[in-house]
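These are my notebook entries on a model that I looked up chain by chain. I record what I asked and what I found.

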Amino acid sequence: MTEFIKRLLKTPQGAIGTFLVVLVLAIVVFGPMVAPYDPEKLSPLARYKGPSMMYWLGTDQYGRDIFSRLLIGARATVVMAVLATIAGTLIGALIGTASAFLGGRADELIMRTIDAVMSIPSLLFALLVVNLLGSSTVNALVAVAIAFAPGMARITRSVALSVRKQDYVNAAIARGESSAYIIRREMLPNVIAPIIVEMTIRVSFAVMLFATLSFLGLGAQPPAAEWGLMVSEARRYMHLSAGILIWPSVAIAIVAVGFNLLGDGLRDALNPRT
Amino acid sequence: MIVYTLLVVSLIVFAITQILPADAAVMMLGENATPEALDALRQTMGLDAPIWQQYATWLWHVVQGDLGTSLRTGQPVGPAMFEALGRSLLLALFSIGLMLVLAIPLGIIAAIRRGKIADMVVSLVSYAGVALPEFVTATIAVLLFADWMKWLPPTGYVPLTDNFLDGISHLVLPVCVISIILIAHVSRMVRSELVDVLHTDYIRAARLKGLSRGHVLRRHALRNALLPTITIVALDVGYLLGGVIVVEEIFAIPGIGRQLIVAIQARDLPAIQAGVLIMAATYSIVNFIADILYAWLDKRIQYD
Amino acid sequence: MTNTENKPVLAIENYSLDYGTANGPYHALKNIDLAIHRGEILGLVGESGSGKTSLAWSIMRYLPKNAREPGGRILLGGDNLLDKSERQMEAIRGRRISMVFQDPSTSLNPTLSLGTQLAEVLMRHRGLSRQQAWKEGEERLAHVGLKTPAQMMNRMPHEVSGGEKQRVVIASAFACNPECIIFDEPTTALDVITSRQILDLFVELQAETGVASLYISHDLALVARTASRVAVIKRGDIVEQGTVRDIFTNPQQDYTRELIDAVPDPAHRLVTEDVVVAEKPLVKVENVSVHFGRKSFLAALTGKKTDRVTGNNAISLSVNPGEILGIVGESGSGKSTLAKAMTGLNRFEGKIWFDGREIRHLGDMDNAYRKDVQIIFQHPDASLNPRQKIFEILSRPLKLFGDGSDLEKQVGDMLEQVRLPRTHANRYPHQLSGGEKQRVAIARAFASKPKLVICDEITSALDVSVQASVVELLLELQKASGTAYLFITHDLNLIRQIAHRIAVMYRGDLIEVVKADEIDSPDRADYTRRLIEAVPRAAAQFQ
């Protein structure tokens, strides 16, 4: 384990990515405890203030402390994004592996169907699903998960196929191993690594998709402190105080870049040959 | 292949919209309508038939060019959608154009100056580009260029046929916003492809024949590196269609994305179905054309 | 500047090369002294990691960024190349010194026609116009033995064979009448017969133009046929230099002797002849055919016919208990296909009889069959699961086919049997060398004490010296256990040393099966005779 962490921190992407993601996770876990103010506390007298000793990042249109809102909102944005990505990956991985394993006509059929589903832009797909289920954070999570599943299915299938071609899988077949054994012990350990890399990078897309949904009013609802929602609300007041817009944007960017870099770092660290 | 795609898409769209709790009749007549009136309307609209029959009827109409009637406006869905599509395509074309003009040179520069400052700058820019969702970039862009510096109009759409310059000025911000992520993505791809090509044996062999760097780049490397770009761009059209939705919403451009949002919020089923179908069809057609283009340009590929 | 016969065309004097790595400088070349005169072919022989390819890049001045040159000179006709700027080198490369590479399918740009790639050299260095260069290109192609030069100019690389591509590359190298040409393993990627033809072409052209040639190879036998002088390089040092005759008849250094001994010599048999041809063979392959290609979804819908490629065409052969049957053929002959069919990795038609049982398809291959029939693959990197430790890899067959008790001891014994330390059990495959990995693969195969072991080109990816020790190991194991081998290879010399009988395959057909010592009799089939003739045999000419 320590060996792995050392490798991860060796590359600049791995180091920066890990740092950012750990920071974000820390905020997710400890944010609410550390936040100096109640995110929903309105202070009509303290509206549109810039950064100061009292309000580290200033206040928004209702006088709420932006810093506290960011800390709280981390949960809504990041946790949901991570969960959605994991869910989407699991569904997609199942479909992709099954398709690769079945091979032949079944595989072709499944893949053509996946291609067809992927011709609907993921945002649109998520919009439809949310529209179907109603606007809320949990429904948005489901929507994002379903929107990501086909892409992950494709990737899983392609990784599974390339692993399948390796001689060590052939050696296992020549030993008469059962399919279950081959999938579990020979293929899966070699398939998981690239999937984890891809999944990590997808979290950044999930964060953005989630924020976009909230922005359009179809994800988290006010007065939640979700970052996308904060940007949406900020539109009307940004000429009064740019901070209302800037800080949540920066937060989104940090999370997105962090997971992106971490994914790149993991790619190198998990490669057994280097 | 396209046919199969569209069939599946139509099925999905139809299925999703059919599971909606509120049904069309209630929407049209309101919550307080009498059950008899509702039933009568349902009969006329064919909503009492089994689902697969509704699907078949709808599909039959679509094939003939009739995309249904909007529940919101009462007008045929088709013409409005296609007109809106036209505007979105304009936006998309400008965005792709801007992207090609910027992303390809950036990618090339980053590849040939690999590891040096120019490469890092381009890398940084592309990382930054993918770090922000469109709505953030759009909002900041409006803040910066429309509110503060007052260089460009904030929102709204002016058809180019009415007033060319004014129309263009309204398009500048939306196009730039959409392009940013495209540029970030494509320049990264171009860089990565070119770096791979520059490390191949045949490039090395060409250099060892005494051919200059410039000659090798222009006549050997670029053609091989840029070919896959076509595929990437085609795939990115998928992202484009999604980004268009948000951008049109923010900049109040009456394109197909806007139409869809309005339709979704109003639960206008026929419009939703038609809109999604059109988007999916556009994507499929673009990819199909890209595949043909690729195959024609690359004499290596043999389809089995 | 006069170039007298005595002054070398290419002189490397006390040249050293380092690569800067994270762990300090890596000394790739140490104080190299070489000289090639006009009309001479100098062979440079070394195994992988010896630095022979680095030397080629140094001469051409095409080194990676982390290369450092602590000292020495490289003189081409008296000019020190180390003093040249990149611009000046661009004028020199292709004109005064050129290079022929190993694999023509990767050293030619797949999206440009052959003619374009040949003409551009002429246009660059001789200032010809496109039409002139094209015409001259055609002449050059005719000169290297291509039958339809005009059409060849317009062909794309993927449309022609490996041999034809290499001829085009050679034509480009000779195009500007250089003073010196470097040949970097130009026949390694080619078939045996094609290799021979290319080699003959090279010798012919070299004699005609008198160009000073550096012929780099790992194959000592090959070099002996072509070069007049040989230099042996090991880990960046020139171990020994001299005329071919001297080196072969009187090698001074141990390493040279090792290399010479490692070269398979068909006259030097390694097995005894006493294999009883039992009435009932161990394995009998009867009319086995393998076809590839299946109808795609759409083709099935539309009723289109698709081409099916035949991997094996009604092959019938048998292996006796304890016998070593060699299967030789060029790539595409179907030898690996047959091996895969026999282990259930390919679908086949026909019958396989094993130990009295009839096998018709994968389902018939039960645990007993698996225990008795094992296979070892060509690439040691790919045949061991990179995420499993050696212990796990080796204990699996023990659990399946043997007794699962005291696995640690058994695995340790297995490792010792293949001459690896017991502690390797705790390592991962990427921590082992290619030869060591292959030994693990052999241990894995022998774990179940099989009756038949199929060796699918298991030495082709290894260095010559490693190959020799692996073969030695195999023969030891065979003597101890009486296992039969189906030994697949394209190396005819090797198989003549170790096989009892040899089967020759060509394009999916079995040409003939003969006893090893009868393989070079004039009664053999046409293809077999051509194959024998094409293979260089170093030792023969010096005995």
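**Entry 1. A helix of chain C**

Which exposed residues are carried by the face of H17(C) turned away from its buried side? I noted that the model is a predicted one, and then I read off C:Lys409, C:Asp413 and C:Glu416 on that face.

I next looked up the other side of the helix. H17 of chain C spans residues 407–417, and its buried residues are C:Val411, C:Met414 and C:Leu415. Viewed down the axis of H17(C), these buried residues fall within an arc of 100°, so they line one face of the helix.

I then asked what the buried residues of H17(C) pack against. The partners are helix H16 (390–401) and helix H18 (434–446) of chain C.

I kept one general point in mind here: most residues other than glycine have a negative phi.

C:Arg419 follows H17(C) and has a positive phi, near 60°.

C:Asp406 sits in the loop between H16 and H17 of chain C. Its phi is positive as well, near 50°, and C:Asp406 is not a glycine.

C:Glu457 is found in the loop between strand S17 (452–456) and helix H19 (464–481) of chain C. The phi of C:Glu457 is positive, about 50°, although this residue is not a glycine.

Is C:Asp406 buried or exposed? I find 11 other C-beta atoms within 10 Å of C:Asp406, so this residue is exposed. For C:Glu457 there are 20 other C-beta atoms within 10 Å, and therefore C:Glu457 counts as buried. The cut-offs that I applied are 20 or more such atoms for buried and 12 or fewer for exposed.

**Entry 2. Helix H9 of chain A**

How many of the residues of H9(A) are buried? I recorded 8 of the 8, so the helix is largely enclosed by the rest of the structure. The buried residues are A:Trp227, A:Gly228, A:Leu229, A:Met230, A:Val231, A:Ser232, A:Glu233 and A:Ala234.

I looked up what covers them. The cover includes helix H3 (66–102), H8 and H10 of chain A, together with helix H7 (134–148) of chain B.

In general, two packed helices are described by the angle between their axes and the distance between the axes. I took two pairs.

For H8(A) and H9(A), the axes come within 7 Å and cross at roughly 40°. H8(A) is therefore oblique to H9(A). The crossing of this pair is right-handed. From H8(A), the contact is made by A:Phe210, A:Ala211, A:Thr212, A:Ser214 and A:Phe215; from H9(A), by A:Trp227, A:Gly228, A:Leu229, A:Val231 and A:Ser232.

For H3(A) and helix H6 (residues 137–164) of chain A, the axes are 5 Å apart and the packing angle is about 40°. These two helices are therefore oblique to each other. H3(A) and H6(A) cross in a right-handed sense. The residues of their contact divide into 20 nonpolar, 10 polar and 3 charged.

**Entry 3. Chain B and its neighbours**

I began with the chain itself. Chain B has 12 helices and 0 strands. Of its 304 residues, 42% are buried. Among contacts in chain B with a separation of 6 or more, 70% join residues 24 or more positions apart.

I then turned to the interface of chain A with chain B. It takes 32 residues from chain A and 31 residues from chain B. On the chain A side, helix H4 (104–118), helix H5 (122–133), helix H8 (179–215) and helix H10 (243–269) each supply at least two residues. That side has 21 nonpolar, 8 polar and 3 charged residues.

How many residues of chain B are in contact with chain C? I noted 18 residues of chain B against 25 residues of chain C. On the chain B side, the elements giving two or more residues are helix H9 (201–208) and helix H10 (213–251) of chain B. The largest share, 7 residues, comes from H9(B). By class, the side of chain B that touches chain C has 5 nonpolar, 5 polar and 8 charged residues.

Technical notes:
Residues numbered from 1 in each chain as written. Chains lettered and ligands numbered in written order. Predicted model: local features only at pLDDT ≥ 70, side-chain atom pairs only at ≥ 80, totals over all residues. Contact = placed C-beta atoms within 7 Å. Helix = DSSP H or I, 4+ residues; strand = E, 2+ residues; numbered from the N terminus. Nonpolar A, V, L, I, M, F, W, Y, C, P; charged D, E, K, R; others polar. Arc of directions from axis to C-beta. Axes fitted to C-alpha atoms, helices over the stretch in contact; angles between N-to-C directions. Parallel < 35°, antiparallel > 145°, perpendicular 65-115°, else oblique. Left-handed = near helix turned anticlockwise from the far one by under 90°.
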